[in-house]
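Have the viewer open while you read.

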Amino acid sequence: MNYSFDFGVIWDNIGVLLAGAWLTLKISLLAIAFGLIIGIIGAAFRTSGNRILDWIALAYVEVIRNTPYLIQLLFIFFGLPNLGLKLSAEQAAILSLAVNFGAYSTEIVRAGVQSIAKGQVEAGLAIGFKKLDVFRYIVLPPALANVYPALIGQVILAVLFTSVVSQIAAEDLTFAGDYLNSRTFRSFEIYFTIALIYLGIVWLIKLMSFFIERQFFEFAKYRR
Amino acid sequence: MDEFTVSRIFINLLIATKWTIILSIIAFIGGGIVGFLVALMRISSIKWVRGISWAYVEFFQGTPLLLQLFLAFFGLSVAFGINLSPLQAATLALTGFTSAFLADIWRGSIAALPIGQWEAGSAIGFGYFKQLQLIILPQAVKLSVAPTVGFLVQVIKGTSLASIIGFTELSRAATQINNVTLQSLLIFSLAGIIYFLLCYPLSTWSQHLERKLSYKA
């Protein structure tokens, strides 16, 4: 066996890879932003004390958490058009990932909300806040601060999940790899490099999360 | 040509489900064995052993499972002449993926025990492996059962990606039937229901174990 590694193929096609990485970041960011909104609403439902809202949110969480992301993606991209809702590959990728991230973050944020002492809510109501304002201004910020590490872990998993969207021909980083692989047959070099780029993105998120925590959740440190 | 009725589709999916289950079991056993060794390496007192196991876990947790599958299936064959069947490549990649996460769970369970447990073992004259076997592991296993069962759900869901390198399990069967019938909504719903029926009992069991443990503590 005398295969000689040639990572030159990476440099020759760096533009393709960067374009793919850009879409991966775009899909991740949008899906995580939408998914976090879903997660906060879901957590509000779960802790609302209203049995119907609680049940709806719980059913959503269980369905998403107990089925593979690939099936969710295929369902949205190929299945929804049967109902007349046609999405582009990119839209389907963002929607499916947001729905997926939303379910996991619902449970994470719920845990955070339930970690807040009841007296905080009662104090808020006592000084005349409406229920929703109590949730928004008193419960949510420390709740997010408490579960921030778990949320970041889920963000990382979501970014790694985006690789699956290459299967509906959304032109993300993994899709760029498939494209280059089919043209150059340098499978090992290409997929190994792309795996390392994902690893780099993951490390970047871990690094950024440290600064975000200092920026937004510094208050939580002194509370306890 | 066969007519694809709902029951026919469902039966075909169920047949393919057998391979989802088999692959999950293989990945869990392989990942369990390797994961146990990696967990021991992670708590080793030798620096380079810890370093290697750290890099191993970081690679498999920090890169997409899909890329790991591609590397095992396409990469090894092109670069090293190791031609793996889709099942073999899926076994290799899923073992790596599963072992990295299980190693982390188990290392955490061991690290959660007070250091005094080790010291007590050494005080009564146990060597390292005696301490591990008789004192540490029995307690760590109790702590780790719930998250381990919970992770089994991730393994089952992870096997769906083996469909992409051509291994015929539930997801690939669904995709193939979809290509013929184009009844996408129905087919992917059915596939989702089957996955749900596999995963939901495990999720519930894991949560139940977790509650039981926190009552005791």
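**Notes on a predicted two-chain model**

1. Let me start with a helix pair in chain B. Helix 5 (residues 115–123) and helix 6 (residues 128–159) of chain B pack at an angle of about 145°, and their axes are 10 Å apart. The crossing of helix 5 of chain B with helix 6 of chain B is right-handed. On the helix 5 side of chain B, the contact uses B:Gln117, B:Trp118, B:Gly121 and B:Ser122. Helix 6 of chain B answers with B:Lys130, B:Gln131, B:Ile135, B:Ile136 and B:Gln139. And what is the make-up of this contact by class? Three of its residues are nonpolar, five are polar and one is charged.

2. Now for the rest of chain B. Its secondary structure is eight helices and zero strands, giving α-α-α-α-α-α-α-α along the sequence. The C-alpha trace of chain B spans about 75 × 50 × 20 Å along its principal axes. Chain B has 217 residues, and 41% of them count as buried. If you take the contacts in chain B with a separation of 6 or more, 73% come from residues 24 or more positions apart.

3. Chain A is also built from helices, with 10 of them and zero strands. Its pattern along the sequence reads α-α-α-α-α-α-α-α-α-α. Along the principal axes, the C-alpha atoms of chain A fill a box of roughly 75 × 45 × 30 Å. Buried residues account for 46% of the 224 residues in chain A. For contacts in chain A with a separation of 6 or more, residues 24 or more positions apart supply 76%.

4. On to where the chains meet. In total, 33 residues of chain A are in contact with 32 residues of chain B. Four helices of chain A each supply at least two residues to the side touching chain B: helix 3 (51–65), helix 4 (69–79), helix 8 (173–184) and helix 9 (187–216). Which helix of chain A gives the most to that side? That would be helix 9 of chain A, with nine residues. Sorted by class, the side of chain A that touches chain B has 22 nonpolar, nine polar and two charged residues.

5. The nonpolar core deserves a look too. The largest one has 122 residues, and A:Leu73, A:Tyr191, B:Leu69 and B:Ala191 have the most contacts inside it. Helix 5 of chain A gives the most to this core, with 13 residues. Take B:Ala191 as an example: not counting residues up to four places away in sequence, B:Ala191 touches B:Leu13, B:Leu170, B:Ser171 and B:Ala174, plus A:Ile71 from chain A.

6. Helix 5 of chain A gets its own point. Helix 5 (residues 89–114) of chain A has 26 residues and reaches 37 Å from first C-alpha to last, close to the 38 Å expected at 1.5 Å a residue. This helix of chain A is mostly covered, with 21 of its 26 residues buried. One residue in helix 5 of chain A is A:Ser105. Is A:Ser105 buried or exposed? A:Ser105 counts as buried, because it has 27 C-beta neighbours inside 10 Å and the cut-off for buried is 20 or more. Leaving aside neighbours within four places in sequence, A:Ser105 is in contact with A:Gly35, A:Leu36, A:Gly39, A:Leu151 and A:Gln154. The C-alpha atoms of A:Ser105 and A:Gln120 are separated by 23 Å, and these two are 15 residues apart along the chain.

7. Last, a pair of backbone angles to check. Most residues other than glycine have a negative phi. A:Ala169 has a positive phi, near 65°. A:Ala169 is in the loop between helix 7 (131–161) and helix 8 of chain A, and it is partly exposed, with 14 other C-beta atoms within 10 Å. A:Phe185 also has a positive phi, near 60°, and its place is in the loop between helix 8 and helix 9 of chain A. A:Phe185 counts as exposed because it has 12 C-beta neighbours inside 10 Å.

How values were computed
Residues are numbered from 1 along each chain as its sequence is written. Chains are lettered from A and ligands numbered from 1 in the order in which they are written. This is a predicted model: local features need pLDDT of at least 70, side-chain atom pairs count only at pLDDT 80 or more; totals for chains, interfaces and linings use all residues. Two residues are in contact if their C-beta atoms, placed from the backbone, lie within 7 Å. Ala, Val, Leu, Ile, Met, Phe, Trp, Tyr, Cys and Pro count as nonpolar, Asp, Glu, Lys and Arg as charged, and the others, Gly among them, as polar. The expected span of a helix is 1.5 Å times one less than its number of residues. Axes are lines fitted to C-alpha atoms, for helices over the stretch in contact, and angles run from 0 to 180 degrees between N-to-C directions. A crossing is left-handed if the near helix is turned anticlockwise from the far one by less than a right angle, and right-handed if clockwise. A nonpolar core is a set of buried Ala, Val, Leu, Ile, Met, Phe, Trp, Tyr and Cys residues joined through C-beta atoms within 7 Å.
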